[in-house]
Amino acid sequence: TEAVGLYNLGQSCCLNSLLQVFLMNLCFTRILRRITVPSSPTQRRKNVPYQMLLLLEKMQCGKCKAIGPTDLAYCLSEHRVQLFVQYDAAQLFLTLWNLLKKQMKKPELVEELSDLYTICIQENLACQKCSFEIKNNSTMLTLPLPVLDSNSRRLRTLEDCLQYFFHPEELTGQNKCFCQQCGSKTPFLQSMKLVHLPQTLTLHLKRFCFERSSLPYKLGHYLPFPQDLDFNAILTEDQCQADDSEKATWQYELFAVVAHSGSTSCGHYCAYVRSLTECKWYCFNDSEVCQVSWDDVKCTYGRSSHYWRETAYLLIYMKKHPQ
């Protein structure tokens, strides 16, 4: 009946935070409860969906304030997810999702899992000298949003980051592309258009900066994000490739924040999650769980002078009115 924490097994804060976000999502747990249980003990030990289901059942017993995700952690280690190392939350999220998808044997569950999380984007390349155009649809698990523009200026809000991500880019000079119709390299316009958004949408704020000339560092500047997000109000018609029925579902409410504190070399993750049954916010900091307010969640907006403090890294939104 109460939110349950997860003991830190040794640098497992990133895993713990992501597990809380997965298991607090009722749409995900409805899929998880319908998996095929592996027949042999050896297969069960190595099956990520099954071990995640066991963890969920232990957490829902409500007998302990925290439990250790030991069996799941060792199951992951069988699939080359090392224990006792620091992870990037966006990369580990992709790894976990791929393992879940690979090991769910029922095709209908694999399809439901994909529908629940997968974003569809159309990538466009258009020659600026003729009518030649290349269009490709691609899927992604997260939208990787830059927090700086091409001139290294800070983007001020989440809406700015989204607009910048979908803003067309001119490919000129050394970046010209070969045009089959012109028979030579020409300036191209590169753009991305939004085709489909899932029920659970994950936005990745690219706060870790990697440059050849120096060590990686964290961009901790102030970047507010809203509780409610309407893509129809953010993107233009030219940035969308969807019909009206699809666009009608593009209204979202914030469900969770995976926050990072510290530096790139020495950091810690925790998760802020809104309970879908109680509509209350909780902070999951490994084994410590407490109820928090929206003002507490807003503390993850970032502070340029205090990069060591908690800063939002993954934002998870849920559709308000799914079809």
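**Reading helix packing and a sheet in a predicted model**

Modeller: Let's start with a pair of helices: the axes of helix H4 (residues 48-61) and H6 come within 8 Å and cross at roughly 105°. That makes H4 roughly perpendicular to H6.

Biologist: How should I read those terms, and what is the model behind them?

Modeller: Helices (H or I, at least four residues) and strands (E, at least two) are DSSP runs, numbered from the N terminus. Axes are lines fitted to C-alpha atoms, for helices over the stretch in contact, and angles run from 0 to 180 degrees between N-to-C directions. Angles under 35 degrees count as roughly parallel, over 145 as roughly antiparallel, 65 to 115 as roughly perpendicular and the rest as oblique. This is a predicted model, where local features need pLDDT of at least 70 and side-chain atom pairs count only at pLDDT 80 or more, while totals for chains, interfaces and linings use all residues. Residues are numbered from 1 along each chain as its sequence is written, and side-chain values use heavy atoms, with hydrogens and water left out.

Biologist: Which residues in H4 and H6 meet?

Modeller: Contact means heavy atoms within 4.5 Å. Here Val48, Pro49 and Met52 of H4 meet Leu99, Leu100 and Gln103 of H6. This contact has 5 nonpolar residues, 1 polar and no charged; Ala, Val, Leu, Ile, Met, Phe, Trp, Tyr, Cys and Pro count as nonpolar, Asp, Glu, Lys and Arg as charged, and the others, Gly among them, as polar.

Biologist: At what angle do H1 and H6 pack?

Modeller: Helix H1 (residues 13-23) packs on helix H6 (residues 89-103) at about 55°, with axes 10 Å apart. That makes H1 oblique to H6. On the H1 side Cys14, Leu15, Leu18 and Phe22 take part, and they meet Ala89, Leu92, Phe93, Leu96 and Leu100 in H6. The residues of this contact are 9 nonpolar, with no polar and no charged.

Biologist: Now the sheet: in what order do the 4 strands stand?

Modeller: Two strands pair if DSSP finds at least two bridges between them. The open sheet runs S4-S3-S9-S6, with antiparallel pairing. Strands S4 (133-140) and S6 (169-171) are at the edges with a single partner strand each, so one side of each lacks a neighbour in the sheet. On average, neighbouring strands are turned by 25° against each other, direction ignored.

Biologist: How many bridges join S6 and S9?

Modeller: S6 and strand S9 (residues 188-196) pair in the antiparallel sense over 3 bridges. Glu170 stands opposite Leu189 in S9.
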